[in-house]
2 protein chains.
Amino acid sequence: MDIPARGGAAFLLAQLGAHAATAFAERISAIGLTPPQAGLLRLLATEPGRSQRELADRLGMPPSRFVPFADELEGRGLIERRRNAGDRRLYALHLTEQGTALLGELQQAGRAHEEQICRGLSPEEHRQLTALLRQVAEEQGLTPGVHPGFRTVGSGKANPTSSFNS
Amino acid sequence: MDIPARGGAAFLLAQLGAHAATAFAERISAIGLTPPQAGLLRLLATEPGRSQRELADRLGMPPSRFVPFADELEGRGLIERRRNAGDRRLYALHLTEQGTALLGELQQAGRAHEEQICRGLSPEEHRQLTALLRQVAEEQGLTPGVHPGFRTVGSGKANPTSSFNS
DNA sequence: TATTGTTATACTCTATAACTATA
DNA sequence: TATAGTTATAGAGTATAACAATA
């Protein structure tokens, strides 16, 4: 009995989760993106035309912070603000062609990331791990594909603060 | 082929890791501790008498931040600064009796946390998951029992910033 | 001269809340 | 009057670097 707290699954999850997030942030910094920026690009790919307010809510950031956040991506030509004809208060945000191209690189980075993190596992073990993680995630009530952390916008350097313990 | 990036093991690890860290922070906030504080108590339990500088290094925080950090725990009677007779520049930090008692509660919280996170798994699945996570952690070169994140001291509320994406 | 602990300062990031324009 | 977007401001938290005491 007596599961060792420091080597238990919960601790390993937190440790590996922070590690995976760091590694991913470092990887996409090579294509000039921070994790929140990547999140917005993906969001616009699947649901184009949303208003800034909707997007800010999805990303868990206040509207006032979303503005400069979107400004930068717009300035880099990755996203586009289109005025909504029906309600001129709203913008509709879309990916530009450049943004779509970068999204492709982002997806490629995601695949490489998966490989990097799981390189120690056989294909069978990889499948097992994924299945177990899915099971835990479901039991914990986590929304598939949605990552919570977004309080921090990320300064560009790979710096995912975790704050668990040591 | 083509591992789905959003539902892959790497993403699930980041998502579950953030979830586990949040849940743990919430749990120990009930006994008045933040994750970094818990980390220090554990460190003092296994390696008492270290200097502040050593401890700050271990926790990944600059010495200037360690000072008020230790001040609070000392003020609450959980730790104690003892002057080193040999080298009077150094303090030797120790747990007080109160601190040791709280450490007991902390360990109990850790066990409950493990159970909460893994409640969706059978005992056999739990063992499998732990083994796979250990394997990945080792392959990734992670130090057993050491969690990276400590840039943020944690304001007391359960707020583990993760910053992956969404 | 180097090191421990400490304090001070300057900076980054953040949310709150005021403001505008549209509705 | 209410809402989308924006801007301004004030506050929290941080690291850097200066400082005092001891070696």
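Author: A salt bridge is a side-chain nitrogen of Lys or Arg within 4 Å of a carboxyl oxygen of Asp or Glu. The structure discussed here is a predicted model.

Reader: How many salt bridges are there over all chains?

Author: Side chains of opposite charge can pair when their charged atoms come close. Counted by the rule above, the salt bridges over all chains come to 20.

Reader: Which residues are linked with Arg50(A) in a network of salt bridges?

Author: Arg50(A) meets Glu54(A) in a salt bridge with an N to O distance of 3.3 Å. Arg50(A) is partly exposed at 30% relative accessible area, and Glu54(A) is partly exposed at 37%. The network that links Arg50(A) also holds Glu47(A), Glu54(A) and Arg58(A).

Reader: Is Arg89(A), which meets Asp87(A) in a salt bridge, buried or exposed?

Author: The side chains of Arg89(A) and Asp87(A) pair at 2.9 Å, N to O. Asp87(A) has a relative accessibility of 26% and counts as partly exposed. The cut-off for exposed is over 50%. Arg89(A) has a relative accessible area of 70%, so Arg89(A) is exposed.

Reader: Which elements hold Glu139(B) and Arg119(A), and what does the pair join?

Author: The closest N and O atoms of Glu139(B) and Arg119(A) are 3.5 Å apart, in a salt bridge. Glu139(B) lies in helix 6 (residues 123–139) of chain B, while Arg119(A) lies in the loop between helix 5 (97–117) and helix 6 (123–139) of chain A, so the pair joins two chains.

How values were computed
Residues numbered from 1 in each chain as written. Chains lettered and ligands numbered in written order. Predicted model: local features only at pLDDT ≥ 70, side-chain atom pairs only at ≥ 80, totals over all residues. Heavy atoms only, no water. Buried < 20%, exposed > 50% of the residue type's maximum accessible area, 1.4 Å probe, protein only. Helix = DSSP H or I, 4+ residues; strand = E, 2+ residues; numbered from the N terminus.
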